[in-house]
Amino acid sequence: MKLNVKRTILVGFAFLAISAFWQMYDNKIPLILQYTFGLNETVTGMIMSADNVLALFLLPLFGGLSDKCHAKMGKRKPFILVGTLLAVAFMIGLPIIDNLAAGSINNATLLITFIGVLCLTLVSMGIFRSPAVALMPDVTPKPLRSKGNAVINLMGAIGGVLFLIVNTVIYSGSKPDETHVDYLPIFIIVAGIMLLALFIIMFFVNEPKLAAEQAEYEAAHPEEQLTEMDETKKKAIIPKPVKKSLIFLLLSVAFWYIGYNAVTTWFSVYATSQWGMTDGGASLCLTIATAGAIASYIPAGVIAGKIGRAKTIKIGAAVLAASFGVAFGYTLFANSFSPALYAVFILVGISWALINVNSLPMVVEMCSGGDIGKFTGYYYAFSMAAQVITPILAGTLYGVNPKTLFIYAAIAVLISFTTMLFVKHGDSRFEAKKGIEAFDIDD
């Protein structure tokens, strides 16, 4: 059994588009809210958490709706098509409103307009996020989903890196705390990336054919299913031990996102205000972290095949917590950035890859094939719930003392390591291919 890498890469273009958008969202929206509209850290954090509040309802909703969709083009593609087009249309309005507000004396009306358009953009992203991510497990056998998730995470990382590289080049000399910055060019570029990814998904991924092939595989391998069938209600049920593991796994997801998202949300503000870095310099740190993740995505899937997903995740959580702890220790003794911290950012990327590659496959491992969209929605609902809390809480603590950022993140990730100790299901071990065989592509 081997992963169809070519097919998984094509499916992964949806994740590339999503990641490019969220990298831009986390990087630019806090800067606009603080420097154009003059909002403080707590209010900025509350607005930044709006996407996560919406996601609590939208991701399980549209994930479940896509499970029940019977469109000719497939279950997921209608949601990807509509959601992407709406998101692109609305997101272009954000930097336009920002530019208008920069030249306005009274921008209260423009702030309300900005928040309204931002909400419409976030709703549009919510329409297709769960269906897009559910495409990979839809078409990938359970034992290969860690490798499949490694590939789509690699595609997502490429989307994030595309943004970070372009952002570093365009805004290498800009300091948003000193003068207004026009973000329209970077929004247009990300919109172009999203439309290109949509084109590839719509014309090169034959979802109905691939889903039919996966259904045949599952029918031939009933021993891989952790769920059981309730014959009276004709639906899958989850045994109690599996449900317990699922709950602790989802709690782990929440806690490591609480820690990680605190840093991704507030790092650009911290770096520019506390270390005197440019916007481009702050992006370079995140680019290096993403590069560490990119280099680790494929190995993370292979490692999980050797030692199991749960153990791989626990190693990643331990390293991530330690990395944030080292960063906190550095802030206690230094008030400027040191290139030595690049090593810490590389470790952050590597550890995040070990976690991220294997967590979603563990969740969908515990469901039946017909519930993949719904369980994908559960995964993202818990990650989004965490990100409802963390921008506000981390922002409030940041306002009291900016040095709390990294220790806050370290403690949250350490808690996720603890909850992972109670996860006993969702693992799938198989003998990973070595050398060039790991990159075999099925046609």
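How many salt bridges does the structure hold? Four, where a salt bridge is a side-chain nitrogen of Lys or Arg within 4 Å of a carboxyl oxygen of Asp or Glu. Residues are numbered from 1 along each chain as its sequence is written, and side-chain values use heavy atoms, with hydrogens and water left out.

**Stop 1: colour by confidence**

Colour by pLDDT (the predictor's confidence in each residue, from 0 to 100). The chain averages 84, and 90% of its residues reach 70 or more. Helices (H or I, at least four residues) and strands (E, at least two) are DSSP runs numbered from the N terminus. Helix H4 (residues 77-91) has the highest confidence, at a mean of 96, and strand E1 (residues 228-230) the lowest, at 46. Now select residues 226-234: pLDDT stays under 50 there, and the model has 23 contacts beyond four places in sequence for them, a contact being heavy atoms within 4.5 Å. Residues 429-443 also stay under 50, with 33 such contacts. Where pLDDT is low, the predicted coordinates should not be read in detail.

**Stop 2: the salt bridges**

Select Arg-76. Asp-67 forms a salt bridge with Arg-76, with the closest N and O atoms 3.0 Å apart. Asp-138 forms another with Arg-76, at 2.5 Å. This second pair links distant parts of the chain: Asp-138 is in helix H6 (residues 108-138) and Arg-76 in the loop between helix H3 (50-68) and H4, 62 residues apart. Together, Asp-67, Arg-76 and Asp-138 make a network of salt bridges.

Is Arg-76 buried or exposed? Buried, because its relative accessible area is 0%; the cut-offs are under 20% for buried, over 50% for exposed and partly exposed in between (1.4 Å probe, protein chains only). Asp-138 is buried too, at 9%.

Next, pick Glu-365 and Arg-309, whose side chains meet at 2.9 Å, N to O. Glu-365 sits in helix H13 (residues 341-365) and Arg-309 in helix H12 (residues 309-333), 56 residues apart. Both are buried.

**Stop 3: aromatic pairs**

Show the rings of Phe, Tyr and Trp (its six-membered ring): they pair if their centres lie within 6.5 Å, and planes under 30 degrees apart count as stacked, over 60 as edge-to-face and the rest as tilted. The whole structure has 21 aromatic pairs. Phe-248 and Phe-422 are stacked, 4.8 Å centre to centre with 25° between the planes. Phe-248 lies in helix H10 (residues 240-274) and Phe-422 in the segment after helix H15 (404-420), 174 residues apart. Phe-248 is partly exposed at 22%, as is Phe-422 at 41%.

For an edge-to-face pair, go to Phe-267 and Trp-275, with centres 6.1 Å apart and planes at 75°. Both residues are buried, and both belong to a ring cluster whose members include Tyr-330 and Phe-406.

**Stop 4: the core**

A nonpolar core is a set of buried Ala, Val, Leu, Ile, Met, Phe, Trp, Tyr and Cys residues joined through side-chain atoms within 4.5 Å. The largest one has 123 residues, and Ile-29, Met-194 and Phe-267 touch the most other members. A second, separate core of eight residues includes Ala-150 and Tyr-297.

Methods
This is a predicted model: local features need pLDDT of at least 70, side-chain atom pairs count only at pLDDT 80 or more; totals for chains, interfaces and linings use all residues.
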